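Hi,

Here is the structure I promised to send over. Have a look at it first, and then read on for my notes.

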Amino acid sequence: MASDPRPDPSTPLVVDDLSVVYGERQAVHHLSLTVRPGEVYGLLGSNGAGKSSTIKSIVGLVPPSTGRISVFGWDAQREALQVKVRIGYVPETSMLYEALTPREFLEFVASVRALPRTVASERAESYAAAFRLGSELDEPIASLSMGTRQKVLIIAAILHQPPLLVLDEPLHSLDPRAVRIMKELLGRYVAGTGRGVLFSTHTMEVAQQLCHRVGILDHGLLRSEGSLAELRERAARGDATLEEVFLRLTREDEGLDDAVRAFEGT
Amino acid sequence: MSWAEARRISDVAFTEVCLQAIYAFRQGNAPVGGTPARAAQTARRRVVQSKMLVAAVLGLFAAGGAGILLDAPTIAARAFFGVAVTVPVLQAGVLTGLLSLDVAFLWWTGLQVLPTFLASGVLATLEPLPIDDRTLGRVAGILYLRLFDLPALVVLVATPLFVGLVLGPLAGLATIPAVVCAVAFALGLALVTGRAFVRRVQGSRGGGGRTFVRWAYLVLWVLPAFAMFGFAVAAPGFLALLGRTIAAGPSVGRDVLLAAYPFTFAALPPITVTGPGGLALDSGGLAILAAAAAAYLVVAVGSVGWMMRSVRRLGIAPPSAVRDAPASRSGLVPHGAARAVLTKDLRIASRTPGYAFLVLFPVLDAIAIGLFTFVTGPGSNGALALGLAAVTTAALLATFFGPAFFAIEVNAYAYARTLPITDRSVVLGKVALVAGMYGVGAGLVLGITDLRVFEPGIFVAFIAAEAPAVVAAAMFELGWLFRRARSRGLAIVNLYAGAWTAIAISIPGLVLAGAPLVAFHLLAAAPIATALLVMGLIALAELAVAAPFALGLHGGRST
């Protein structure tokens with residue numbers, strides 16, 4: 001039997017028929033999506049919709065039950081090392097070596113990614129300065145705030161300037177200045193390049209501003225996918241915000257008034 | 001709220017401490033299978049098992065001390081360094097040693113488990129809840145005491161019981177204030193030094209000479225573990241000193257001895273048997289003894305009170321870093337992947353006493369035995385045998401502790417698996433650490449004993465012949481652990497969790513490291529060059545088998 005043809009090596013990410021199962025619970029159902037060159041793709045969904053499971057499969061943390069993931073044509077399961085070389089990942093929670101300082105942690109990441117000394121130092125210094133990280137770089141990560149840890153993770157993800165950034169709730173716990181930097185960065189990072197960005201978020205406003213296309217996940221299923229204009233059309237809401245479109249497409253708007261009333265009087 | 005309420009809350013909180021100690025969820029570990037209730041039950045059971053292990057060691061100390069007390073007349077019949085020692089003086093000396101061991105071992109246990117307790121974050125979780133200050137303080141105090149409950153109980157019960165059985169009920173009763181003070185002082189010392197650790201080691205900034213300072217702290221941290229060894233080495237000299245001081249009658253030296261902890265309490269049981277005359281005490285000596293004992297009891301009570309007040313503050317304070325210190329100007333210095341793993345592990349160990357202990361123990365043990373060799377006399381066969389024994393223990397300890405370094409990968413494991421690093425690099429980095437521990441330990445023995453043994457050629461050949469076996473053992477253990485991690489998830493290995501996993505995996509490792517050593521000793525009758533050659537060939541053969549097993553793992557696929 002002939003093997004499947006290698007996907008297009010210029011496409012940052014192709015997820016084809018992905019399913020993720022934990023024990024008896026299926027977190028992702030036959031999901032297919034593509035991040036095109038020069039594209040910021042937003043993965044939207046409620047809590048437990050399957051966003052993080054999808055992302056964890058892409059970065060190699062959770063094995064898919066079915067389906068195939070390829071990054072610039074490399075198979076995520078069979079050629080994991082090649083895939084990891086091309087990905088920069090910001091996890092949902094700050095799972096770091098608590099006993100290292102950010103400088104020591106970044107040095108470890110730069111070593112594993114085989115970055116030359118001058119390149120690693122210049123980039124780390126430049127990114128740290130942009131996030132206004134000073135003495136924090138030499139303090140143990142255990143003593144840092146959540147926001148500072150998130151900044152360290154973002155620096156670690158872009159230190160090797162990967163062609164594909166995979167960001168799981170990257171703006172979580174960042175201060176407004178850092179959020180602004182990230183908003184500006186993501187658009188510029190892919191503009192006119194073959195790079196791609198996949199990021200998950202709950203914040204519709206951010207997705208609306210940044211994403212060329214979004215995929216709406218609901219209970220592990222991709223309910224809808226496309227640009228904001230296409231989604232508005234599908235939701236039959238011509239002037240709606242992405243939040244309204246999201247709620248309509250996932251039917252999360254049903255019973256909203258009752259839900260709000262439940263909190264009244266508390 | 002009442003003490004009963006504090007106990008109820010602390011019971012719930014202690015389950016969280018156990019869960020974090022065993023499964024380290026706060027460090028990013030994935031949830032375990034099964035129901036949360038079952039995971040909690042398993043965690044509590046494993047913590048109890050570990051506490052029972054520590055308690056058993058303390059029980060053995062007490063039984064061993066009682067055994068020596070039983071045999072005191074025979075032992076006292078021989079002079080120590082030419083000094084005659086009476087039976088009561090010997091008994092007081094033995095009890096001094098036993099109490100010192102209890103304090104040192106409980107203190108060391110506290111130092112090992114305190115970081116786990118703090119990392120559990122349980123006190124910070126309780127803080128915002130509507131619980132009054134006094135109850136929160138009590139909860140924190142109870143949680144701290146529960147870390148030691150079984151071991152402390154054994155010290156409090158077994159020691160007076162054994163002493164009572166050997167020396168009589170009155171002597172057993174007289175031991176009670178001694179063990180109460182021992183437990184109180186050990187727990188207080190653990191908290192004081194633990195607090196210093198959190199401030200100076202865990203919160204220590206990176207770079208510069210701070211690494212040296214951290215390791216210096218950690219050496220002090222490990223030293224209590226050597227109390228037993230130190231006491232065994234120093235016991236004859238100590239007994240001679242006791243005999244001389246007591247026999248000299250009233251003097252400043254004797255008064256200082258009577259007032260010094262733990263001799264103050266150790267003197268009480270023999271006095272109940274022979275009266276003050278057994279220790280040649282006059283009324284002045286008795287008055288000093290009574291005053292010192294009363295003072296120590298007051299300090300012990302104060303120490304417990306201070307602990308109960310202080311644990312809460314320690315539990316909610318983050319590691320204190322120097323916030324206003326200027327940023328370092330040093331850039332990143334990337335290395336090869338395996339060296340990066342080694343550097344990362346050493347940096348983590350320098351801020352984590354559990355790992356630092358594993359790194360330092362084989363080295364300090366080699367130094368201790370090496371020093372003992374040094375004093376045995378120049379050029380003696382005994383010195384050579386002891387020197388080789390020191391190298392042997394360095395090899396076996398490095399091999400025994402090797403698997404524990406795998407547990408460092410538990411920290412941030414989820415993140416590290418997304419990096420393009422191969423299993424081969426991780427194994428090589430950790431094997432380099434184990435080999436380094438052996439190399440430094442053996443090298444120090446060589447340096448210390450060189451002046452005494454006068455056979456550096458044999459020594460160097462012995463160290464070199466054993467080295468491939470140590471590397472082979474580390475490779476086998478780590479290769480096995482990687483395979484196990486792939487099929488069952490990562491094993492967490494620390495004093496409070498997964499101790500059995502580490503021990504089980506260490507057994508074949510010890511066989512590999514031990515085989516060339518056994519061959520060397522079996523060939524004692526053969527020329528030493530032949531024995532060394534056979535030893536080296538066995539070690540190389542082991543390496544030839546273990547290396548492909550570990551380094552060919554999954555064709556070097558990423559972690």
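This is a predicted model: local features need pLDDT of at least 70, side-chain atom pairs count only at pLDDT 80 or more; totals for chains, interfaces and linings use all residues.

One open sheet has four strands in the order S2-S1-S4-S5 (chain A), and the pairing is antiparallel. Its edge strands are S2 (25-35) and S5 (74-75) of chain A, each of which pairs on one side only. If you want to find the S5 end on your screen, look at strand S4 (residues 66-71) of chain A: S4(A) and S5(A) are antiparallel and paired over two bridges. There, A:Val71 stands opposite A:Trp74 of S5(A). A helix goes with this sheet too: helix H1 (residues 51-59) of chain A lies across S1 (13-22), S2 and S4 of chain A, and runs at about 115° to S1(A).

Chain A also has an open sheet of six strands, ordered S6-S7-S8-S3-S9-S10 (chain A), and here the pairing is mixed. Strands S6 (87-90) and S10 (221-226) of chain A are at the edges with a single partner strand each, so each has one side without a neighbour in the sheet. From one strand to the next, the twist averages 15°. A:Ile87 stands opposite A:Leu164 in S7(A). Helix H5 (residues 146-158) of chain A packs on this sheet, where it touches S6 and S7 of chain A, and its direction makes about 175° with that of S6(A).

Now for chain B, which has 22 helices and zero strands. Of its 559 residues, 52% are buried. Looking at contacts in chain B between residues at least 6 apart in sequence, 83% join residues at least 24 apart.

One helix to pick out is H15 (residues 337-350) of chain B. Its 14 residues should span 20 Å at 1.5 Å a residue, and this agrees with its end C-alpha atoms, which are 20 Å apart. H15(B) is largely enclosed by the rest of the structure, because eleven of its 14 residues are buried. The buried residues of H15(B) include B:Ala337, B:Val341, B:Leu342 and B:Ile348, and also B:Lys344, B:Asp345 and B:Arg347.

Happy to go through any of this with you.

Best wishes

Definitions and conventions:
Residues are numbered from 1 along each chain as its sequence is written. Chains are lettered from A and ligands numbered from 1 in the order in which they are written. A residue is buried if 20 or more other C-beta atoms lie within 10 Å of its own, exposed if 12 or fewer, and partly exposed in between; C-beta atoms are placed from the backbone. Two residues are in contact if their C-beta atoms, placed from the backbone, lie within 7 Å. The expected span of a helix is 1.5 Å times one less than its number of residues. Two strands pair if DSSP finds at least two bridges between them. Axes are lines fitted to C-alpha atoms, for helices over the stretch in contact, and angles run from 0 to 180 degrees between N-to-C directions.
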